[in-house]
Amino acid sequence: MPGQSGVRRLSRVELDTALSDLLGDTSNSAQGLLPPEPVNPFDNDYRAQFASAALIESVERLATDAANRALANATLRAALVPCSPKGPGDASCMRTMVQTVGRRVFRRPLTGEEVDRFMALQTFAVEDNNFDTGVRLVLQAMLQHPAFLYRVELGTPLAERPGTFKLSNYEMATRLSFFLWGSTPPDWLLDDAANDKLADAAGIRAAVDQLLADPRAKRRLERFHALWLAYAKLPHPAALTNALQAESAALVDKVLFTDRGDYFELFRSSETYVNSTLAAHYGMLGAPASGSAWLPYGPLPRMGLLSQGAVLSAGAKFSDTSPTQRGIFVRTRLLCQDIAPPPSNANVDEPPTSPSSNCKVDRYSAHASTGNCKSCHQSLDPIGFGLENFDREGKYRAHDDNEPNCPISGDGKITGLPGGELPFRGAVGLANLLTASPEFEQCVVTQLYRFNMGRKEDPADLAFISALTEGFRSQRREFQTLLKDFVSHPTFAYRVEE
Amino acid sequence: MKTLFRLHRRAVLKGLGGAVVGLPLLEAMLDVNPALAQSAAAKRYMVFFDGQSMGADGDTLHNDFVPDTVGPDYDLKSAVAPLGAMKSEVSIISGLRIPTASENGGTVPSGGRRDAFHVSSMSPLLAGVRSPSNTACAGPTSDQVMAALLGKQSLVYRVQADWYLSVAEPAGRDVISFKRDSSNRVVPIISKISPQQEFNALFSQPPSMTDPVAAAKADRERRARASVLDLVKGDTQRLLGKLGAGDRVRMQRHLDEIRALELRIAASGPTQTGICQTPGDPGPDPSSSGNQGTDSSGSNTYNQNLGYSGEEERARHFCDLIHMAMACDLARTASLQMTMFQSHLSMYNLTGQATDCHELGHGGVSGGTMAVSKGIAWHVKHFTYLLQKFKDTPEGNGNMLDNMAIVYALEGGHGHDPGGAKDNSSHSTENMAMMLAGRAGGLKPGQHVVAQGKHPANVLVTAMKAVGYASDTLGEVSGDISQLRG
């Protein structure tokens, strides 16, 4: 059963990447000008998007600035205007420009009427006695046009299933490039669409191979993991933040693009990519004096992404780690479970206290044993306590911060999975437990689904997600194969309107 | 006056949103007779918001804000000390409270809030209406009700540039302004945070020029911009017809905002005469420094500029823009959110306190309520700066304040916290206080009024009525505070 999809605005990061690919504009100005989108955990949920005055005004500014920048640079301008105008009113040259640039910006050929409407802007070029004035205005209009700002999927209605549409080849090209690059389709992919090469699974898989061979695919999948696992922004000084994010990105690249083996290596890797600062942070020996290198963890209680500082930074609260927030992180991000919000009379703004002990484990257990806090906290806090040996930067610690008399056992447990109450110790224990769990496997695929479709799954999508998960498992969890299976699945070529 | 009266009725309908009204967005608001607008100074309305409570947890001192003396020439406590001589233009209203669910058998009462604090005061405080959730506002806020009535633009600015916590999102704490959209839903208005963009939007219109070449160029640029927007608007309209129901709602919103921008452009173009002068260009926006946290030694990083993005400069620039946009009659309503609800803005660069605004209330630094008051005083400093600009700008026989009502509101008060079942808590909407500046409609500023048991929305209604609001009710709260009119 195909999934619902609606008009979906490009995120600020997608806009910046698209402007770079379309116009050579590397200013990243959408991230500076446009209001931030809601992040939960991805930044592209179209059901949470809405237009505001702030958006419309900043988009106009973005389009105007980008058009000016493109025309101010002779090389960039030459790429936009593929002909030599014979004068400010050269309609033939302008029409060629509108058609070629329009196809790239709108990700489909323009209709004759659309071209004519853009051509009308050439009167200002004539008035100004400057051909480029027309080019500038056309660009300005295209870059704030809904056909650029939104991924609009219309398709062809299926007579036998009202409300369901078969995507056009161009709409499929757009889905592929935004999924795998977070950007607009390149000319060759639009040509594939024009030549009907995306109409079957083999053609789509060939296009995916070509997209995945480009560095933009690496950046896109690094970003998927950074948003999913909450390290796209970190609350640390720049040097540490950069080192931690580079460490995690390196492991993602290695597993997905270099080794191309079992995806779960991401959570089981026995080595990590660190510079000298980060090696000292983790207490590892043998780091190079400059640059970064892969170093084995050796006897350190670390393994894979969950033991990296970037991921362990998630869920800090009250100037410390929060076992509750880490429990929520594991349940929502790694197991795709929903956690009910605290009751309306809960005080979630102060750390729990205990009358008899300063130790965190006692303070939290006092909290989790009372009243209506009990049921939720008993399912959350023990997960976080299994990770308590790692502070909110991912450094190892043996006791609570500033409390030498409060040793940390690192013992945690998780309930609600098959097998009842499962004990674990530390990030290694949690990774072992998760990578043996079908729930985690399904959640990886579910998060990818949310990221690709720009929304949380509906009940009607579960069969598709389960089928993808089955394929993932049976093909030794090779991630690029999962990506290909996803987009070449027959239902992916259809949409249900909202 | 007939034109204006007709506008009122239509705009009030829209603002209160009792029914779906098919008027295109903003057209009613901008339908003001220009001759009339010039003959009498426009009335103006503003909300200035401070996202913190008034006292610290466990401190028996509820605030250092409310004067000891009642009536005129009140004494200045530390939280409002920056007012200085400006106190003669500002009334302080104390004794306010928002009722809670716990005092109503667990159900949120009319004009009340949920027991859990942080953001639950938003809907009653700013719109006078109870909300089904902590972070949603269930009715249009006072500034938007007045925007529909007074016309011109409504400025919605936020000084705190970012949320400054890495894992969570602001989730509604970054908004203080809500309106009804064309499908009659109450929707948030995304605040603008870039003084540079706003300067360009408000004042980039070239002044009337004597050089014919420059004038022709400016005229062409203006017409070209209008043609570009018209093309985009037309194609958006055409697209609507091809979309399913859900997409149509989303795209209609986009179209409404394009249309609103067109109307704003058509209505702007300040005359460079008298009190209206293009202000100085604020220059590039203060850079964003990222989230607060700890450094590698475990110390907090407030003193490393994290959790701070030039809010001192941003506040100054936005005050300058609001002042001049109103002096030029480009805007008649404004809401300035200095800090978000539950603000995590670092106070280090602002007050020297090595903590964030929210933690001031929870003992982040020593000093209890007096430490909280230092944080409030930073907000009041900018409030005073803005009032001084209005006061220094002559209008009619007096100054701009004569035609204004400006409300200063805080997220909470101090006292009983129904969520945590504690007293002397910052999670309280007991013992709230507000400020009201301006002399429009017979307001008599410069006094301390004890309005024991009154609702903050009663202050809003008083301010709104002073600038032309015909009703006695905002949301679910009725009545004004007559002493504020002397």
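Reader: How many residues from chain B and chain A does the contact take?

Author: In this predicted model, 53 residues of chain B and 56 residues of chain A take part. Residues count as being in contact because their C-beta atoms, placed from the backbone, lie within 7 Å.

Reader: Which helices of chain B supply at least two residues each to the side that touches chain A?

Author: Helix 6 (195-203), helix 7 (212-240) and helix 8 (245-267) of chain B do. The largest share, 11 residues, comes from helix 8 of chain B. Sorted by class, the side of chain B that touches chain A has 19 nonpolar, 22 polar and 12 charged residues.

Reader: What are the scores of the model, and what is the mean pLDDT of chain B?

Author: The model scores ipTM 0.94 and pTM 0.86. For chain B the mean pLDDT is 87, and 85% of its residues reach 70 or more. Residues 1-39 of chain B have pLDDT below 50, and beyond near neighbours in sequence this stretch has 53 contacts in the model.

Reader: Into which domains is chain A divided?

Author: Chain A has domain 1 (8-151), domain 2 (155-213 + 442-498) and domain 3 (238-254 + 262-435).

Reader: How many residues of domain 2 of chain A are in contact with domain 3 of chain A?

Author: There are 6 residues of domain 2 of chain A in contact with 6 residues of domain 3 of chain A. On the domain 2 side, helix 22 (residues 438-453) of chain A gives the most, with 3 residues. The residues on that side of domain 2 of chain A divide into 2 nonpolar, 2 polar and 2 charged. The C-alpha centres of domain 2 and domain 3 of chain A lie 34 Å apart.

Reader: Why is helix 12 of chain A called oblique to helix 24 of chain A?

Author: Helix 12 of chain A and helix 24 (residues 479-488) of chain A pack at an angle of about 140°, with their axes 9 Å apart. That angle makes helix 12 of chain A oblique to helix 24 of chain A. Only angles over 145 degrees count as roughly antiparallel, and 65 to 115 as roughly perpendicular, so a value between those ranges is oblique. The crossing of helix 12 and helix 24 of chain A is right-handed.

Reader: Which residues meet where helix 12 of chain A packs on helix 24 of chain A?

Author: From helix 12 of chain A, A201(A), I204(A), R205(A), V208(A) and L212(A) meet Q480(A), L483(A), K484(A), V487(A) and S488(A) in helix 24 of chain A. By class, this contact of helix 12 with helix 24 of chain A has 6 nonpolar, 2 polar and 2 charged residues.

Reader: At what angle do helix 10 and helix 12 of chain A pack?

Author: Helix 10 (residues 169-181) and helix 12 (residues 201-212) of chain A pack at about 35°, with axes 10 Å apart. Helix 10 of chain A passes helix 12 of chain A in a right-handed crossing. L176(A), S177(A), L180(A) and W181(A) in helix 10 of chain A meet A207(A), V208(A), L211(A) and L212(A) in helix 12 of chain A. The residues of this contact divide into 7 nonpolar, 1 polar and no charged.

Reader: What makes the backbone worth a look at P41(A) and R476(A)?

Author: The peptide bond from N40(A) to P41(A) is cis, with omega near -15°. P41(A) has its place in the loop between helix 2 (29-33) and helix 3 (53-72) of chain A. R476(A) has phi near 45°, a positive value in a residue other than glycine. R476(A) lies in the loop between helix 23 (462-474) and helix 24 of chain A.

Definitions and conventions
Residues numbered from 1 in each chain as written. Chains lettered and ligands numbered in written order. Predicted model: local features only at pLDDT ≥ 70, side-chain atom pairs only at ≥ 80, totals over all residues. Contact = placed C-beta atoms within 7 Å. Helix = DSSP H or I, 4+ residues; strand = E, 2+ residues; numbered from the N terminus. Nonpolar A, V, L, I, M, F, W, Y, C, P; charged D, E, K, R; others polar. pLDDT = per-residue confidence, 0-100. Domains from an automatic or database assignment. Axes fitted to C-alpha atoms, helices over the stretch in contact; angles between N-to-C directions. Left-handed = near helix turned anticlockwise from the far one by under 90°. Parallel < 35°, antiparallel > 145°, perpendicular 65-115°, else oblique.
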